[in-house]
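Open the model in your viewer and keep a selection panel at hand. The stops below go from a helix pair to individual side chains.

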Amino acid sequence: MLVSLENAKLYLRVDSKDEDDHITKLITVAEKMVKDIGRIDFSICKENTELIESAILYAVGYMYEHREEADYKKLTETLKYLLFQIRREEF
């Protein structure tokens with residue numbers, strides 16, 4: 001994982017272990033979304049660590065806070081804007 005559970009919990013301001021499984025799943029989904037939307041591979045991730053981590057944490061936070069009424073189109077558009085500078089035209 002590019003973002004650790006501890007970093008995600010710190011970002012979300014979650015202190016208990018009650019939602020560790022849920023947050024771990026969100027990290028996995030967010031990482032896949034960021035890689036797919038950015039059309040990036042592992043080498044690009046290593047070169048742009050801060051940007052990638054910020055995008056992943058944003059996605060985790062969005063999905064965590066909007067678990068009942070998430071607008072995934074809005075999330076996808078925001079991630080496109082965040083990743084614009086490193087997003088490839090095609091794979």
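How are α1 and α2 oriented to each other: roughly parallel or roughly perpendicular? Keep in mind while looking that this is a predicted model.

Select residues 5-12, which make up helix α1, and residues 20-38, which make up helix α2. The two pack at an angle of about 100°, and their axes are 10 Å apart. An angle of 65 to 115 degrees counts as roughly perpendicular, so α1 and α2 are roughly perpendicular to each other.

Next, show the side chains at this contact. On α1, pick Leu-5, Ala-8, Lys-9 and Leu-12. On α2, pick Asp-20, Ile-23, Thr-24 and Ile-27. By class, the residues of this contact divide into five nonpolar, one polar and two charged.

Now move to the loop between α1 and α2 and select Glu-19. Its salt-bridge partner is Arg-67, with the closest N and O atoms 3.1 Å apart. Arg-67 lies in the loop between α4 (49-65) and α5 (72-82), so select that loop as well. In total, the structure holds four salt bridges.

As a last item, look for ring pairs: a search of the whole structure finds one aromatic pair.

Definitions and conventions: Residues are numbered from 1 along each chain as its sequence is written. This is a predicted model: local features need pLDDT of at least 70, side-chain atom pairs count only at pLDDT 80 or more; totals for chains, interfaces and linings use all residues. Side-chain values use heavy atoms; hydrogens and water are left out. Rings of Phe, Tyr and Trp (its six-membered ring) pair if their centres lie within 6.5 Å; planes under 30 degrees apart count as stacked, over 60 as edge-to-face and the rest as tilted. Axes are lines fitted to C-alpha atoms, for helices over the stretch in contact, and angles run from 0 to 180 degrees between N-to-C directions. Helices (H or I, at least four residues) and strands (E, at least two) are DSSP runs, numbered from the N terminus. Angles under 35 degrees count as roughly parallel, over 145 as roughly antiparallel, 65 to 115 as roughly perpendicular and the rest as oblique. Contact means heavy atoms within 4.5 Å. Ala, Val, Leu, Ile, Met, Phe, Trp, Tyr, Cys and Pro count as nonpolar, Asp, Glu, Lys and Arg as charged, and the others, Gly among them, as polar. A salt bridge is a side-chain nitrogen of Lys or Arg within 4 Å of a carboxyl oxygen of Asp or Glu.
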